[in-house]
Amino acid sequence: MNKTFAKDVLEGLTAKEKHLSSKYFYDTNGSRIFQEIMNMPDYYLTDSEFEILSLQAKQIVEALKFDKPFNILELGAGDGFKTFKLLEYLVNENIDFNYMPIDISEEALKMLSEKLMERLPNLSIKPQVGDYFDILKDMSESNTPNLLLFLGSNIGNYLKVDAINLLRLFNKVMNTGDKLLIGLDLRKSPITIRKAYDDQQGITKRFNLNLLIRINRELNADFKIDDFDFYCYYDPDTGRVKSYLVSLKKQTVLIKELNKTIEFEQNELIWTELSRKYSLSEVDKLAMISGFQSKHHFLDCKHYFTDSLWEK
Ligand code: AVI
């Protein structure tokens, strides 16, 4: 049993306002469903970021202003598909760099490395399995310049204080002059944003319900999946998409590993995810408050998404 998972589930489901962390979405099945989400036409985030990295690789590399070989460390590399275009540009230009994808999933890194070695045989790739910070700490000890990649609007899934704390930790392990390229989803028509999360095919619903399936499997619980539904909304005032599971009836769930029964009222919610959207001035503020200088925003043609370059 994963003790942190058990502790977080217990804390979240016994709280007055029930909640579960979206970081637990990504078991094997959840990661697969997330791939399906990224392929949905309405989930514009992936295409927008892909466009930025495909069409503006040259401008991004020029803006780095590194005058010697450097490392690219990608945090939560996943399938690395977006990054491919940036790497391809660097390899084709014979630019000297090491690519270090970091992920807790050895399996994901193995697949990524195999795919990249096949398509970019001249790429120097050094996959790192493990926790971001253990690996990042080593990086600050070398005097090779570093570019950190934190793409895909992953930062938008953190509560405001947690996002700032995480970025400050990145900042702490970086050397002066190192860069961070960070993907953030921008504020836009609320209709477009809602469609990306409240999809008609029910893929995002499955993504959320999978969390209950995971609790059933890993903590020996008896959630009846059909007795829960999915609800989400976008609030343009705060720039936040909030996602929930909804208990469709009054019910009791037993979580054997926790030795605990959880009572649900009819229509009671479990908050599962925050997906924050930013204005460019909010991006600049976030950079400043975390100790960075915001150097450049690389936007897609629709201005839906930014990969912003920050410098320590
Ligand atoms: C990973 N993360 C940036 C996604 C997002 O857009 O917040 C996760 C996701 N949740 C629902 N759809 C996609």
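In this predicted model, the largest cavity is the space taken by the ligand. Helix H2 (28–38), helix H10 (203–219) and strand E11 (269–276) are the elements that each give two or more residues to the shell around the ligand. Residues of this shell come both from domain 1 (3–40 + 199–276) and from domain 2 (44–188 + 277–311), and the ligand therefore lies between the two domains.

The ligand is surrounded by 14 residues, and the closest of them are Tyr43, Asn157, Tyr197, Glu273 and Ser275. By residue class, the shell divides into 7 nonpolar, 6 polar and 1 charged.

In the side chain of Tyr43, an N or O atom is found 2.5 Å from an oxygen atom of the ligand. The side chain of Ser275 likewise has an N or O atom at 2.7 Å from a ligand oxygen. As for accessible area, the ligand taken alone exposes 340 Å², of which the protein buries 98%.

Definitions and conventions:
Residues are numbered from 1 along each chain as its sequence is written. This is a predicted model: local features need pLDDT of at least 70, side-chain atom pairs count only at pLDDT 80 or more; totals for chains, interfaces and linings use all residues. Side-chain values use heavy atoms; hydrogens and water are left out. A residue is near a molecule or strand if one of its heavy atoms lies within 4 Å of it. A polar contact is a pair of N or O atoms within 3.5 Å; within protein, one must be able to donate a hydrogen and the other to accept it, and residues adjacent in sequence count only if both atoms are side-chain atoms. Accessible areas come from the Shrake-Rupley method with a 1.4 Å probe; for residues, only the protein chains shown count as cover. On a 1 Å grid over the protein atoms alone, a cavity is a set of points where a 1.4 Å probe fits but cannot get out, and a pocket is an open set with protein on both sides within 12 Å along at least five of seven lines; lining residues have an atom within 4 Å of a point. A molecule sits in a cavity or pocket if more than half of its atoms lie within 2 Å of its grid points. Helices (H or I, at least four residues) and strands (E, at least two) are DSSP runs, numbered from the N terminus. Ala, Val, Leu, Ile, Met, Phe, Trp, Tyr, Cys and Pro count as nonpolar, Asp, Glu, Lys and Arg as charged, and the others, Gly among them, as polar. Domain bounds come from an automatic or database domain assignment.
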